[in-house]
Amino acid sequence: MPKIKTNRGAAKRFRKTGTGKIRRNKAFTSHILTKKSTKRKRELRQGTLIHKADERNIAQLIPYL
């Protein structure tokens, strides 16, 4: 069987934790920040885990990470 190609866009957006779960960054942090509260912007800085329903699809995009 040939190797599976890694989706390069996904490789830049997701990474795996030590236990194999997939982490992501939160959206809405790049512009139009003046109307967002300081608390909201601070919370958006924190990464989070992807939803369980998306795990299988994302894992197929980044098989070797």
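Reader: Which residue in S2 does Phe 14 stand opposite?

Author: Phe 14 stands opposite Arg 24 of S2. Keep in mind as we go that this is a predicted model. As a general idea, the strands of a sheet pair through backbone hydrogen bonds, and the pairing is either parallel or antiparallel. Here, S1 and strand S2 (residues 22-24) pair in the antiparallel sense, over 3 bridges.

Reader: What is the order of the strands in the sheet?

Author: The order is S1-S2-S3, in an open sheet of 3 strands with antiparallel pairing. Strand S1 (14-16) and strand S3 (48-49) are the edge strands, each pairing on one side only.

Reader: How many helices and strands does the protein chain have, and what pattern do they follow?

Author: There are 3 helices and 3 strands in the protein chain. Along the sequence they follow the pattern α-β-β-α-β-α. The chain is more spread out than a compact globule, because its radius of gyration of 15 Å is well over the 11 Å that the globule rule gives for 65 residues. Along the principal axes, the C-alpha trace spans about 50 × 25 × 20 Å.

Reader: What share of the residues counts as buried?

Author: Of the 65 residues in the protein chain, 14% count as buried. The accessible surface of the protein chain is about 5800 Å², and 52% of that belongs to carbon and sulfur atoms.

Reader: Which residues make up the largest nonpolar core?

Author: That core has 7 residues: Ala 10, Ala 11, Phe 14, Ile 22, Ile 50, Ile 58 and Ile 62.

Author: Ala 10 is buried, with a relative accessible area of 5%. Its place is in helix H1 (residues 8-13). Setting aside neighbours within four places in sequence, Ala 10 is in contact with Leu 61 and Ile 62. Ala 10 and Ile 58 are 48 residues apart in sequence, while their C-alpha atoms are 7.6 Å apart in space.

Reader: What share of the contacts comes from residues 24 or more positions apart?

Author: Such residues account for 59% of the contacts in the protein chain with a separation of 6 or more.

Reader: Where do Phe 28 and Ile 32 lie?

Author: Phe 28 lies in the loop between S2 and helix H2 (38-44), and Ile 32 lies in the loop between S2 and H2 too. Phe 28 counts as exposed, at 62% relative accessibility, whereas Ile 32 counts as partly exposed, at 48%.

Reader: Which residues does Gly 47 touch?

Author: Not counting residues up to four places away in sequence, Gly 47 touches Arg 23, Arg 24 and Asn 25. The C-alpha atoms of Gly 47 and Asn 25 are separated by 4.6 Å, with the two residues 22 apart along the chain. Gly 47 is found in the loop between H2 and S3 and is partly exposed, with a relative accessible area of 24%.

How values were computed:
Residues numbered from 1 in each chain as written. Predicted model: local features only at pLDDT ≥ 70, side-chain atom pairs only at ≥ 80, totals over all residues. Heavy atoms only, no water. Helix = DSSP H or I, 4+ residues; strand = E, 2+ residues; numbered from the N terminus. Rg over C-alpha atoms; globule rule 2.2 N^0.38 Å. Buried < 20%, exposed > 50% of the residue type's maximum accessible area, 1.4 Å probe, protein only. Contact = heavy atoms within 4.5 Å. Areas by Shrake-Rupley, 256 points an atom, 1.4 Å probe, with all protein chains shown as cover. Core = buried A, V, L, I, M, F, W, Y, C linked by side-chain atoms within 4.5 Å. Pairing = 2+ DSSP bridges.
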